[in-house]
Every structure is written in C-alpha cells, then in structure tokens.
Amino acid sequence: MKRSLRLGVWGILLILGSVLSFFHLQSTVQADGEGQTVYVIPVKDTVERGMAAFLNRTTEEARENGVDHIIFEIDTPGGRVDAAGDIGEIFQDLDVPNSAFVTNRAYSAGSYIALNADAIYMKQTATMGASGVINSDGTAADKKAQSAWISSMVAAAESTGRDPIYARAMADSSVDLKDYGAPEGEFLTLGATDAEEVGYAEGIVDDRNELLSVLGLSDATVIEENPTLSENIARFLTDPVVIPILLSVASIGLVVELYSPGFGIPGTMGALSLVLFFYGHIVAGLAGYEAIILLVLGIGLVIAEFFLPGGIAGIAGVVAIVSSLMLSSADMGHMAMSIGIALLVTIVVSIVLFKFVGLERGFFRHIILNDSTSSEKGYVSSQNRLDLIGMEGEAITPLRPSGTADFDGERLDVVSEGGFISVHQAVKIIKTEGSRIVVREVKKAEKEEETK
C-alpha cells in the first residue's frame, strides 16, 4: 500500500515537472524569437539620394509586413548631407524596433544614420565618426553648413539618449577629446571599445548571428533586403560624381552630332546620357513628369530655332532644359555646378570642332550658305571689257568727272581720269574695271603727233 502511494506521488511530481519544463521551454523559445520576423537592410557604399529611396521602400515594406525588428547593417564612408537628413527622418518616423550594426565603418553621414537607430552594435574592428562636412571638391564647407550639420549630429544623439558631446566632436574639430584620440583640431572617430564605453554602442558582436542572439532573435525568420537592379542603377546615376559626367557626355554628343552627317554614334550617346540621367533621378524619386515635359519642350524649341528667326525660341528652349535639370535635383548648388562643367566642356569642344572641321559638314551644311560667286566658278558681276583699252572717242557730254562718250558709234558711260573734260573733247580709254571705264583727255598736240 505504501509502495503504491509512493509511486503515485512520484508520478504526480513527474507530471508536474514535465508541465513546468514544457512551459519553461516555451518561454525560452519565445525569448529566442521563434515566430518573429527580422528584416536585415544594408546601408553600404556612398550615402546619396538613391540610398534614401531604397531605405524608404524597404522600411515601408517592413512596416506593412508587421516585422518585429529591423537590423541596418552599416558600412559606408559617408556621402551627401541632404541624403543623410532624409534617411534620418525615415529612422525617426520608424515605429518598428531597430538596431544599427556597424560591420566596418560608419563615417560622416554614416555615423549620423547610426545615431538615429534605437541601438548600435559594432564589430570589434568597426569604427564610427570622422563626420566633418566637406564640399565636393574636398574643401571644408562654409560655417553655415557646418553649424547646421553639427546641430543635426547633436540632435540625433540626444534623440536616442546618448551624450551629445561625442557626436559634436565627430563633426566639430574644435572639441577637445584627446583621451579618445581627438585633440582640438581633429574629428573624433570611435572604435568599438570606446563606443561601448561612452554609450554609443550597446555591445560588441562578431557577426549577425551573435547579434540576433543578443537581441533574443536567434530563431526568428530573417529576411535580407537588397536593392533591386533599378535601384542600384539609380544609386550609381545619382552619384554626385556621375551627374556632371552624364551632362557633359550629353552636351558633347549634341555638339559633335551637329558636325556629323546624319544621326550617328555621338547623337545616340548624347541622347542616352540624358535618358540615363532622368531615369536615375526618377527611380530615386527626385524627378517627376513635369521635368520630362520641360525637357522635351526645351529640345523642341531649340530645334525650332534653326528654322525660326529672332532667337526667342532658342533662348526659351535653353531655359526649359536648364529648368528641367534643376527640378530633378535635390541640391540646386551641385546641379548648377554640374551644368556649368557641362557648359564649359561644350564650349571647348565647339571651339575645337570649329577650328578643325568648320561649318561645312553635318547639320550646319543645310542651314549655312557656303557657295560663293567667284570668277573661278564662272560668276562675274559684270563684263570686264579689256578690249576697249586704247580706243579713242569723243565726249558727247561734259565729264564732271563722269559722263558719256562716243567710240566708233558706241555710246559708253565713262569717268575721266582727272578733272573736268568739256563736250566734243577727244578722249582715250586707259582702264576698264568691270562696268567702270576710265578715260583721259587727248590734247591737240598729242593727236597731231599720233596722226604723223
């Protein structure tokens, strides 16, 4: 009886233990993220407007799909400040828990992006900072731009509860943080250990799997997002270095085509460059249909200028084309510089072509008159009567100095060599220049001498 009772008690304890173990296991599985979804979104290479468009699309998809966490894997040398600002707004509006994972470097605009994430994790060899603002030519930006950027860095740090002094030091070289390798005159760059020490990194992990484990998402479904082909092309085409190249190729193609017979390779290259420019900006969300309409209208007006007098159509066409380019840019200053580069290149190419080719080829041969009425081609303005030289006649009107003279019954309009010659005075033709016949008075003594 006692033996049966003991077995019954042990059985109950075994069942209770199994139930408790089951619930503990369930809670452990849940803690490891089973049934949850994680989006991994890369933030790599140069920060530009194409990247902003990509991050906007992917974060919207993550929100719509109800994901539980987003990991932004960052490895960027930085890029455009305006694009970074747009990305910062995307992060600030994001209502999905997220983490920035710096796998290699987060410099300049990249550090700003990381500071806008809920949490930052870094590889042991990763670094972040060096966020001073520089222009496209490598020089320091003006004080106004620097001040605005420093404020943005500080605000990003404060929005996630981080000490703003380190964010300021990343963008302001006047801050002295020599203990972290950034004395006055140097921008701060934090390694993983220092970043964790000052609270700019929540942890140091070796890879994504370790990060998922730290986040309690080891068993979550991981979905990797990558830019589409069109987004990769758009990111390349909207790069600040590529834009002036595209515009220069477009302008050179147009100019060379004007000097070439028919429509060939130069014109095709120019047209293709314009198509690529607007394609990239449309995909990146920078250009709309109004820019395309202005471009087509401008090209039409420039073509019409070849057939219309006045120059108004050509000027209006150029204004429309420039306006379409400006409407496609988020940075008017950079676009103006790109247009200036393309214009300078066009002027140089035009001068070279005019010097070595002239206007006798290509489209210009249809609109510029090249034929001349030279005597070599049989054109004469009047008959040059050299046969009259030496003939003598009589002035039938006074020559003052022009008048009329008779030469063997042929009346000719003549001009005296000197001054006045009276009527009925003998004259002699000494020169003919087209319709101009020059005569000289024949004195009586000279006439008698000739008679002898």
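Analyst: Let's start with an arginine. This is a predicted model. In it, Arg 57 has 24% relative accessibility and counts as partly exposed.

User: Why is Arg 57 called partly exposed?

Analyst: Buried means under 20%, and exposed means over 50%. Arg 57 is at 24%, so the label is partly exposed.

User: What makes Glu 61 and Arg 57 a salt bridge?

Analyst: Their side chains meet at 3.0 Å, N to O. The cut-off is 4 Å, so the pair counts as a salt bridge. Glu 61 is partly exposed too, at 26%.

User: Where do Glu 61 and Arg 57 sit, and what separates them?

Analyst: They sit in helix α2, residues 49–64. They are 4 residues apart, so about one helical turn separates them. An α-helix has 3.6 residues a turn, so residues three or four places apart point the same way.

User: How do you know that Glu 202 and Arg 162 form a salt bridge?

Analyst: Their closest N and O atoms are 3.4 Å apart. That is within 4 Å, so the pair qualifies. This pair links distant parts of the chain, 40 residues apart. Glu 202 is in the loop between α7 and β7, and Arg 162 is in the loop between α5 and α6.

User: What makes Arg 436 and Glu 433 a salt bridge?

Analyst: The gap from N to O is 3.2 Å. That is within the 4 Å limit, so the label applies. Arg 436 is partly exposed at 40%, and Glu 433 is partly exposed at 42%.

User: How many salt bridges does a search of the whole structure find?

Analyst: The search finds 10.

User: What about aromatic rings? Why is the pair Tyr 166 and Tyr 200 called edge-to-face?

Analyst: The count is 4 aromatic pairs. In this one, the ring centres are 5.7 Å apart, and the planes stand at 75 degrees. Centres within 6.5 Å make a pair, and planes over 60 degrees apart make it edge-to-face, so both tests are passed. Tyr 166 lies in helix α6 and Tyr 200 in the loop between α7 and β7, so the pair ties together parts 34 residues apart in sequence.

User: Are these two tyrosines buried or exposed?

Analyst: Tyr 166 is buried at 13%. Tyr 200 is buried at 0%. Together with Tyr 180, they form one aromatic cluster.

User: How do you know that the buried residues of α3 are on the same side?

Analyst: Those residues are Ala 83, Ala 84, Ile 87, Gly 88, Ile 90 and Phe 91. They cover an arc of only 155 degrees around the axis, which puts them on the same side of α3. What covers them includes α2, β2, α4 and α5.

User: What makes Ser 416 buried?

Analyst: Its relative accessible area is 5%. Under 20% means buried, so Ser 416 is buried. Ser 416 lies in strand β11, residues 410–416. Leaving aside neighbours within four places in sequence, its contacts are Leu 399, Pro 401, Ile 421, Val 438 and Val 439.

Terms used: Residues numbered from 1 in each chain as written. Predicted model: local features only at pLDDT ≥ 70, side-chain atom pairs only at ≥ 80, totals over all residues. Heavy atoms only, no water. Helix = DSSP H or I, 4+ residues; strand = E, 2+ residues; numbered from the N terminus. Buried < 20%, exposed > 50% of the residue type's maximum accessible area, 1.4 Å probe, protein only. Contact = heavy atoms within 4.5 Å. Phe/Tyr/Trp six-rings, centres within 6.5 Å; stacked < 30°, edge-to-face > 60°. Arc of directions from axis to C-beta.
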